[in-house]
Amino acid sequence: MTLQNEIPTNEQVELSDVEKAQIDKLLRETPHTSGASIDALKIIQNHRGWVSDASLLSLSVYIDLPLSDLDSVATFYNLIFRQPVGKVVLHPCDGISCDLMGGAKIRKCLSDQLEINNGQTTKDNQFTLISLPCLGACDKAPVMIAHETLFELIQEDNLPVIINGLKEATAK
Amino acid sequence: MNREENNFPTHPLTRFITDNENCWQLNQYQSLGGYDGLKQALTVSGPAVLDEIKESNLRGRGGAGFPTGLKWSFVPQGDDAPHPKYMIVNADEMEPGAFKDRMLLEKTPHQIIEGLIIGGYTLDADIGYIFIRGDYYTAIKHIEIALKECYDNNLLGKNILGSGFNFEIHIHTSAGRYICGEETALINSLEGKRANPRAKPPFPQVAGLWGKPTIVNNVETYCNLPHIINFGSAWFKSLGRFKDSGTKIFGVSGKVKMPGLWELPMGTPIGEIIQNYAGGMCDGYKLKGYLPGGGSTDFLLEKHFDTPMDYDEIGKQRSRMGTGTIIILDDKYCPVAMVLNLVKFFAQESCGWCTPCRDGLPWAAVLLEKIEQGKGELADIQQLEDLCKFAAPGNTFCALAPGAVEPLQSALNFFREDFEQHIEQQSCPYCDIKHAEDKYDK
């Protein structure tokens, strides 16, 4: 996933003191700077929700790694977002064990209820829908992860409750 | 090794899992004999521990079944061996249908850490890593707390339990890619690179993380170590019902009455696991086939029920034990749809390093989708068979592509009529359960 920008940005953002402190800690623990790159990207994402071109460039300057190296890593991994995401990212499982138990139907229902397709974000910026491969809870299929919580044995009927619960949990 | 305990467990891997919801914490773990294996190991030399592990015939539980003792014996030893040496726990469980490591990580984090420290002591390693799947939030939390408990109680850090042995453990949460489960790809990922596999040789045991000697083993493999040291290799060998030693966490998912995980002796027959433990098929469903060890293993049928879950015995039936987590295909789910789901997954998770995988798997997915949608031609089956051959072992850097085509090649063999029926009637014969994924994925 990359931004649709055709012109690369030269903009930078100021990394916060907290971000810098967390990244410094990583750098102390690794014998080579590159060893910190994935975790540093995660730190940026934790604070900003996603990794923009500007924050990627700032990180590259801060830890002195080539921008191309960092972006090649950022675009490789599933859990690093190079596009903005909603407040809550819904990860329904699309593994085979969930599909054998009706997982595809659950994903379709989610998509209908939120009026978005896989990979899209709702207009109110509340939810992004990104299915993930097997979430490792196959005896409780179908499952979904959202807001660091695993929802098990999901049925169509309890989807509205799950969605409302997540709205409330993140409204605070 | 000394064996003071008379109480030889029959289910070592799950003996620490009790009804107490805090059974994963240090005080609970120690009250049931946790870290006795480590204490035992520290009383003898590293090479003596390695001999015991070799003698136990423990085989890697990640899927390949490589003998652990043999793997470890390639690590350079002695005063002029390079340092730091690394020991890594591969906890990046992402195999479709595999869910055993999550249970071990959440319920017995200390068992894994104890195994890792024993491994470190055995090979005179300096640093351990637990490479854990980023989506396993509870497991990550438990491992983090468990590590802190260890540092607070001198089970990690300098001069562990007064033995003079120093060892530290870091946790790395993966940013998510199936290929990170491949040991050299995992090492690249720890170095902050794209997780492409490396060419071997050099093998990681000699030149792995940052060019230093490195061991990568599965969560469950490490879990066995404290018990082998504690109760001895002879006891461990006696646990298996066939040729392989020890027990294993087996699982079943799909339309069975009681999907779940059970610790059972190696060599337990497949049929026994499905019928006795998983309770057989749900009412109204019949067994059509199953993947014996997760999404990258060849289908087997009911006629293979007597086969023991032993690495070599499953191999003789032209499948693999893999992770030991069985996925059931019932008679109402379309086999083409099942294989399509798996091939799509492997195509998406291919790192893109070599052609049969990067180009072959997406092509296979396109052909399968075409057949599933009722637009297939008979020539597509031949093409799918060719793609399976192109992705065979030896044509690719790592085992992803060969594993990816295992369910496909065996489905073409066992369920060929289903493929042909799709093509002849130009629609899916299982349409009443046909999923509506096209719309969902745009």
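Predicted model: local features only at pLDDT ≥ 70, side-chain atom pairs only at ≥ 80, totals over all residues.
Two strands count as paired if DSSP finds at least two bridges between them.

**View 1. Chain A carries an open, mixed sheet of 4 strands.**
Reading across the sheet, the strands of chain A come in the order β2-β1-β3-β4. Going from one strand to the next, the twist averages 25°. Zoom in on the pair made by β1 (residues 88–92) and β3 (residues 144–146) of chain A: these two strands run antiparallel and share 2 bridges. Which residue of β3(A) is the bridge partner of A:His91? Look for A:Ile145.

**View 2. Chain B has an open sheet too, and here the pairing is parallel.**
Its 4 strands line up as β3-β2-β1-β4 (chain B). The edge strands of chain B are β3 (168–173) and β4 (214–218), and each of them pairs on one side only. On average, neighbouring strands are turned by 20° against each other, direction ignored. Strand β2 (residues 127–132) of chain B pairs with β3(B) in the parallel sense over 6 bridges.

**View 3. Chain B as a whole has 19 helices and 8 strands.**
The radius of gyration of chain B is 22 Å, close to the 22 Å that the globule rule gives for 442 residues, so chain B is as compact as a globular protein of that length. Along the principal axes, its C-alpha atoms fill a box of roughly 75 × 45 × 35 Å. Of the 442 residues in chain B, 57% are buried. How much of the contact in chain B, counting separations of 6 or more, comes from residues 24 or more positions apart? The share is 71%.

**View 4. In chain B, domain 1 meets domain 2.**
Chain B is split into domain 1 (12–239), domain 2 (247–330) and domain 3 (335–440). Taken over C-alpha atoms, the centres of domain 1 and domain 2 of chain B are 27 Å apart. Where these two domains of chain B touch, 16 residues of domain 1 are in contact with 20 residues of domain 2. Sorted by class, the domain 1 side of this contact has 7 nonpolar, 4 polar and 5 charged residues.

**View 5. Chain A and chain B come into contact.**
The contact draws on 39 residues from chain A and 47 residues from chain B. On the chain B side, at least two residues each come from α8 (183–190), β5 (247–253), β6 (260–265), α13 (335–349) and α19 (437–440) of chain B. Which element gives the most to the side of chain B that touches chain A? That would be α13(B), with 5 residues. As for residue classes, the chain B side of the contact divides into 20 nonpolar, 13 polar and 14 charged residues.

Notes. Residues numbered from 1 in each chain as written. Chains lettered and ligands numbered in written order. Contact = placed C-beta atoms within 7 Å. Nonpolar A, V, L, I, M, F, W, Y, C, P; charged D, E, K, R; others polar. Rg over C-alpha atoms; globule rule 2.2 N^0.38 Å. Buried ≥ 20, exposed ≤ 12 C-beta atoms within 10 Å, placed from the backbone. Axes fitted to C-alpha atoms, helices over the stretch in contact; angles between N-to-C directions. Domains from an automatic or database assignment.
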